[in-house]
Amino acid sequence: MSAAATTHDDHHAHGGDHAHDHHEPSFLYKYIFSTDHKVIGVQYGIAGLLFLLFGFFLMMVMRWTIAYPGQPMPGLELVASLFGEWGTYQLEKWAPGGVVSPDLYNMFGAMHGTIMVFMGIVPLGFAAFGNFVMPLQIGAIDMAFPKLNAWSFWLFFIGGAMMMLSFFLPTGAAQTGWTNYSPLATTTHYIVKNTFMTGQTWWLLAMVFVISSSLLGSVNFITTLINLRAKGLTFMRLPFFCWAMLVTSFLLLLAFPPLEVAAILQVVDRVFGSSVFLPTGLVAGTNHFDISGGGNPLLYQHLFWFLAHPEVYVLILPAFAIISDIIPVNARRPLWGHKLMIYAALTLGFLSFIVWAHHMYLTGMGTMMSTYFQITTVMISVPSVILLTCLMISLWGGSIRFNSQMLFASAFLPMFGIGGLTGLPLAFAFIDLHLHDTYYVIGHFHYVVAPGTIFALFAGVYHWFPKITGRYMNDTLGKLHFWPSLIFMNVIFGPMLFQGIAGFHRRWYDGGAMAFKNTTQDYLWSNELISFGAWGLALAQIFFIVNVWISIKGGKKITSDNPWDATTLEWATPTPPPHGNFTFEPVVYRGPYEYNPPGTGREFIPSWEEPAGTPAPAPTEAKSHH
């Protein structure tokens, strides 16, 4: 008998005499400091969405100064006035007269990247959907280590709070890019009397908390998936969603420790005066830094990118996980190449650890080493193409339901395809010499994670919202959310590819106005086009925010625990799933994608449905209490 059934039966077997001993947990322990995987998943989801919204706001401020350099930004003075004298002082310091300064641009650029990746997409894609859906899909009553799960969220919360509070420090938040390269990041604000109370140091400490959170979560996911699967749920019967989460967990577990070590060592360099990443002879202006020297700045880059390239697949694999559930359900077709996708994901995970230095072609590595990384980078495109192709073939011959989640899932395929194809030229060192640090790289990466991963995350919200709340989201508002988002995403990131080829640098706060001042090239109009696209995308998100808000209490109620007629185990629970999840012992009898199986005359067969002719189990004492 499974742990789920044992817990369920024991509770009822002793319920008659001791019912008065069971107390309903308080609001604080039920919804705030909960150890229930579903509540923790929702906590991660809400936090991730809020961080995405804030990171998007930072980007819109950056887009203003790129499109209209030297011009006051409307609304900045109004926002500053809300904070009284302190706000007015900060406005004059960072944006005098409402004009965004280069320092503020650098700060928002660094924090936009950090918040969107580490505080938004990873918590929403991996932690939120993984926590809520994965235990349900494998028939578990909870994660293997519920308290560790709670610790994971609260470490993430502390790290996120530190990132946000760093904006209020006298030095402001971090300003040296989301990569935080030494020696620039290590020596920024070096002359401040208390280097601990600087945005750069707080960025590093916040990352230590966030990375520790991810390590706890990944250990929990791996243990849960291996040990708590329902009876009959063999590894090859696992939905691809679970396989993708398993590979993602291993990526986090193996790749994050090097960056945690790098962050701690950079803190030691900043606060205690060591020189792990600081070479001898550093000069700022005409002043020599009083440091011991002898360190290696490239060591930090290696440690950072050894995490940051697997991190790209930490962003992508949860998106594929979500899409692999949504497409079969709404195409009414089995997932084509289920085993092939599993092997591709495992290959992707392995290869992601041996491609990191393609971010470092400009550091002077030898031709032999750069050739090695060029080869592995081209190789890693193969499993990505396999995943994309399997999903596309899954649509072939389907009876497709174009609801909101299916629109986002369908759009993910070509958008991710554009992101992948534009990345191939960057694999080659001689092309990267020209395109490195240009808007081409920005366009390529954002095609992967914005109309790619974030579209998949939106699809996941629309898909599992009925299981979380018992209500549908409004489909009309969902489509009003989708179409402008798709259009404006391409208005933003499409022109960036051409800007990058023309030589636009990614860190020009004035959008290249000074660089192209005395030339005949006139590309600056594209800055305004992209910025209008960004503001249009912001308006499109209003439909999503309103939809979530009104659907929580006012959405149409579902009439079935399985409203999409799906086949995986999460749809076998009551809605919303109670503590313990299942009211019966879940047993899996078939694969996860039995849609329109030949010769049955049925549209779908749930994986938990007993085959015809299976003998009924003998009644037990526990079941007599129902």
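Lys479 is partly exposed, because its relative accessibility is 30%. The class boundaries are under 20% relative accessible area for buried, over 50% for exposed, and partly exposed in between (1.4 Å probe, protein chains only). Asp475, at a relative accessible area of 31%, is partly exposed. The side chains of Lys479 and Asp475 meet in a salt bridge, with N to O at 3.2 Å. A salt bridge here is a side-chain nitrogen of Lys or Arg within 4 Å of a carboxyl oxygen of Asp or Glu. Both Lys479 and Asp475 sit in helix α18, residues 475–502. They are four residues apart, about one turn of the helix. Helices are DSSP runs of H or I with at least four residues, strands are runs of E with at least two, and both are numbered from the N terminus.

The model is predicted; local features need a pLDDT of at least 70, side-chain atom pairs count only at pLDDT 80 or more, and totals for chains, interfaces and linings use all residues. Residues are numbered from 1 along each chain as its sequence is written, and side-chain values use heavy atoms, with hydrogens and water left out. The pLDDT is the predictor's confidence in each residue, on a scale from 0 to 100. Its average over the protein chain is 90. At least 70 is reached by 93% of the residues. Among the elements of the chain, α13 has the highest mean pLDDT, 97. Helix α1 (residues 3–13) has the lowest, 41. Over residues 1–21 the pLDDT stays under 50. For residues 1–21 the model has 17 contacts beyond four places in sequence, a contact being heavy atoms within 4.5 Å. Residues 619–626 also have a pLDDT below 50. That stretch has five contacts in the model beyond near neighbours in sequence.

The salt-bridge count comes to six. One of them links Arg332 and Glu603, whose closest N and O atoms are 2.7 Å apart. Arg332 lies in the loop between α12 (297–331) and α13, and Glu603 lies in the segment after α19 (525–554), so the pair ties together parts that are 271 residues apart in sequence. Arg332 is buried, with a relative accessible area of 5%. Glu603 is partly exposed at 38%. Another salt bridge joins the side chains of Asp36 and Lys38, with N to O at 2.9 Å. Asp36 is buried, with a relative accessible area of 8%. Lys38 is buried at 7%.

Asp437 is placed in the loop between α16 (429–435) and α17 (439–469). Its side chain makes a polar contact of 3.2 Å with that of Arg507. A polar contact is a pair of N or O atoms within 3.5 Å; within protein, one must be able to donate a hydrogen and the other to accept it, and residues adjacent in sequence count only if both atoms are side-chain atoms. Leaving out residues up to four places away in sequence, Asp437 touches Phe504, His505, Arg506 and Arg507.

Backbone geometry was examined next. Most residues other than glycine have a negative phi, and most peptide bonds are trans. Asp437 has a positive phi, near 60 degrees. Asp565 is not a glycine, yet its phi is positive at about 55 degrees. Asp565 is in the segment after α19. It is partly exposed, with a relative accessibility of 28%. The peptide bond joining Ser182 and Pro183 is cis, with omega about 5 degrees. Pro183 lies in the loop between α8 (146–165) and α9 (184–187). A cis peptide bond also runs from Thr575 to Pro576, with omega near -15 degrees. Pro576 is found in the segment after α19.

A nonpolar surface patch of about 680 Å² is formed by Leu362, Val378, Leu421, Leu424, Phe428, Phe430 and Leu433. Patches are made of residues with over 30% relative accessible area and no salt bridge; like charges are joined within 9 Å, and nonpolar side chains (Val, Leu, Ile, Met, Phe, Trp, Tyr) within 5 Å. Accessible areas come from the Shrake-Rupley method with a 1.4 Å probe, and for residues only the protein chains shown count as cover. Leu362 lies in the loop between α13 (338–351) and α14 (367–395). Leu362 is partly exposed, at 46% relative accessibility.

Trp483 lies in helix α18. It is partly exposed, at 45% relative accessibility. The C-alpha atoms of Trp483 and Phe408 are separated by 9.2 Å. Along the chain, Trp483 and Phe408 are 75 residues apart.
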